[in-house]
Amino acid sequence: MAYYNVCPDCGANLDPGELCDCKNEKTEKMEIMKKMFRASPVTGQYEFRFEGAGKRSSGFIG
């Protein structure tokens, strides 16, 4: 019978002594999302942030 530990946060099966990095991955994803989106100070709606684009883009098509 195999011996393993289960991460209490994400449920991943871990080898003995292995540490789960699910919290680190979640933090990294949140930082990326913060860079990609922002809330408009006027409307409060989320806007895409396109870095390097020549003009300001709010993410709306039309």
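Read along the sequence, the chain follows the pattern β-β-α-β-β. That makes 1 helix and 4 strands, where helices (H or I, at least four residues) and strands (E, at least two) are DSSP runs numbered from the N terminus. This is a predicted model, in which local features need pLDDT of at least 70, side-chain atom pairs count only at pLDDT 80 or more, and totals for chains, interfaces and linings use all residues. Residues are numbered from 1 along each chain as its sequence is written, and side-chain values use heavy atoms, with hydrogens and water left out.

**Whole chain: colour by confidence, then show the surface**

The colouring shows pLDDT, the predictor's confidence in each residue, from 0 to 100. The chain has a mean pLDDT of 80, and 79% of its residues reach 70 or more.

The chain exposes about 5,800 Å², of which carbon and sulfur atoms supply 56%; accessible areas come from the Shrake-Rupley method with a 1.4 Å probe, and for residues only the protein chains shown count as cover. Of the 62 residues, 8% count as buried. Buried means under 20% relative accessible area, exposed over 50%, and partly exposed in between (1.4 Å probe, protein chains only).

For contacts, meaning heavy atoms within 4.5 Å, consider pairs of residues at least 6 apart in sequence: 0% of these contacts join residues at least 24 apart.

How many disulfides does the structure hold? The structure holds 0, a disulfide being a pair of cysteine sulfur atoms within 2.5 Å. Cys10 is partly exposed, at 43% relative accessibility, whereas Cys22, at 18%, is buried.

**Select Phe37 and Phe48**

Show the rings here. The count comes to 1 aromatic pair, under the rule that rings of Phe, Tyr and Trp (its six-membered ring) pair if their centres lie within 6.5 Å, with planes under 30 degrees apart counted as stacked, over 60 as edge-to-face and the rest as tilted. Phe37 and Phe48 form a tilted pair, 4.9 Å centre to centre with 45° between the planes. The pair links distant parts of the chain, with Phe37 in strand β3 and Phe48 in strand β4, 11 residues apart. Phe37 counts as partly exposed at 25% relative accessibility, and Phe48 is partly exposed with a relative accessible area of 37%.

Arg38 lies in strand β3 and is partly exposed, with a relative accessible area of 30%. Draw the C-alpha to C-alpha distance from Arg38 to Phe48: the two are 6.7 Å apart in space and 10 residues apart in sequence.

**Finish at Ser40**

Move on to the loop between β3 (37–39) and β4 (46–48), where Ser40 is placed. Is Ser40 buried or exposed? Ser40 counts as buried because its relative accessibility is 9%. A polar atom of the Ser40 side chain lies 3.4 Å from the backbone nitrogen of Thr43. Leaving aside neighbours within four places in sequence, Ser40 is in contact with Gln45 and Glu47.

How values were computed. Polar contact = N/O pair within 3.5 Å; in protein donor to acceptor, adjacent residues only side chain to side chain.
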